[in-house]
Amino acid sequence: MTPRVGEPAPDFDTRSDDGRPLRLSDLRGRWVVLYFYPRASTPGCSLEAQRFEAALPEFERLNAAVIGVSTDTEARQAKFRDSCGLTFPMLPDGDRAVAKAYGVMGGLGGLLGMAARQTFLVDPQGNVAWHWSNVNPATHAADVLRWLRQSA
């Protein structure tokens, strides 16, 4: 079930593609942009990731962490990170635990084992502040920044 705005964001305790432990609860006190994408290294996913990377200094200025999540393997995520020059955490969610907790495994993508392209903004207290269920990879990072500037 998809968490609603105002509800606690589902916590997770996992590792990023480079092996670093990552728990959502460890990021309390910061905004967290948790963006799900279907498949690493595809054109739309690459464009979206590169736009988040280009805007990362502004996200950091606004006290926001960016985390990308897909159901890809660690190896595929690591290759994606290298090919796109990404510096923010990428979560390989092969068991789909994080995607299921956020309710993003529906539709045709879910049947194919892929997360839908959706984003959750988690506030510094750990609650869902906003949910984007329709995402344009070309403009999404700017959309999230615009929302954060108005709210932070």
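A residue counts as buried under 20% relative accessible area, as exposed over 50%, and as partly exposed in between. Ser41 comes out at 38% relative accessibility, so Ser41 is partly exposed. The model discussed here is predicted.

**Loop residues with positive phi**

Ser41 sits in the loop between β3 and α1. Its phi is positive, about 70°, although Ser41 is not a glycine. Asn63 is found in the loop between α1 and β4. Asn63 is not a glycine either, yet has a positive phi of about 60°. With a relative accessible area of 32%, Asn63 counts as partly exposed. The values are listed here.

| Residue | Phi |
|---|---|
| Ser41 | about 70° |
| Asn63 | about 60° |

**Helix α1 against helix α5**

Two packed helices are described by the angle between their axes and the distance between the axes. Helix α1 covers residues 43-61 and helix α5 covers residues 140-151. They pack at an angle of about 30°, and their axes are 8 Å apart. Angles under 35 degrees count as roughly parallel. Therefore α1 and α5 are roughly parallel to each other. On the α1 side, the contact is made by Glu48, Arg51, Phe52, Ala55, Glu58 and Phe59. On the α5 side, the residues are His140, Ala141, Val144, Leu145, Leu148 and Arg149. Seven residues of this contact are nonpolar, one is polar and four are charged.

Glu58 belongs to helix α1. Neighbours within four places in sequence aside, Glu58 is in contact with Leu145 and Arg149. Trp132 is 74 residues from Glu58 along the chain, and their C-alpha atoms are separated by 19 Å.

Pro43 also lies in helix α1. Pro43 counts as exposed because its relative accessibility is 72%. Pro43 and Pro10 are 33 residues apart in sequence; C-alpha to C-alpha, they are 29 Å apart in space.

**The nonpolar cores**

In soluble globular proteins, nonpolar side chains tend to be buried together. Here the largest nonpolar core has 28 residues. Tyr35, Phe52, Phe59, Val66, Phe80, Phe88 and Leu121 have the most contacts inside this core. At least two core residues each come from β3 (31-36), α1, β4 (64-70), α2 (74-84), β7 (128-132) and α5. The most comes from α1, with six residues.

Which residues are in contact with Phe59, leaving aside its neighbours within four places in sequence? They are Val33, Phe52, Ala64, Val66, Ala141, Val144, Leu145 and Leu148. Another core, of 20 residues, lies apart from the largest one. Leu22, Val69, Ala99 and Val128 are among its residues.

Helix α2 has four named buried positions: Gln77, Phe80, Arg81 and Cys84. They cover an arc of only 100° around the axis, so they lie on the same side of α2. These buried residues pack against α1, β4 and β5 (90-92). What does the face of α2 turned away from its buried side carry? That face carries the exposed residues Ala75, Lys79, Asp82 and Ser83.

How values were computed:
Residues are numbered from 1 along each chain as its sequence is written. This is a predicted model: local features need pLDDT of at least 70, side-chain atom pairs count only at pLDDT 80 or more; totals for chains, interfaces and linings use all residues. Side-chain values use heavy atoms; hydrogens and water are left out. Axes are lines fitted to C-alpha atoms, for helices over the stretch in contact, and angles run from 0 to 180 degrees between N-to-C directions. Angles under 35 degrees count as roughly parallel, over 145 as roughly antiparallel, 65 to 115 as roughly perpendicular and the rest as oblique. Contact means heavy atoms within 4.5 Å. Ala, Val, Leu, Ile, Met, Phe, Trp, Tyr, Cys and Pro count as nonpolar, Asp, Glu, Lys and Arg as charged, and the others, Gly among them, as polar. A nonpolar core is a set of buried Ala, Val, Leu, Ile, Met, Phe, Trp, Tyr and Cys residues joined through side-chain atoms within 4.5 Å. Buried means under 20% relative accessible area, exposed over 50%, partly exposed in between (1.4 Å probe, protein chains only). The arc is that of the directions from the helix axis to the C-beta atoms.
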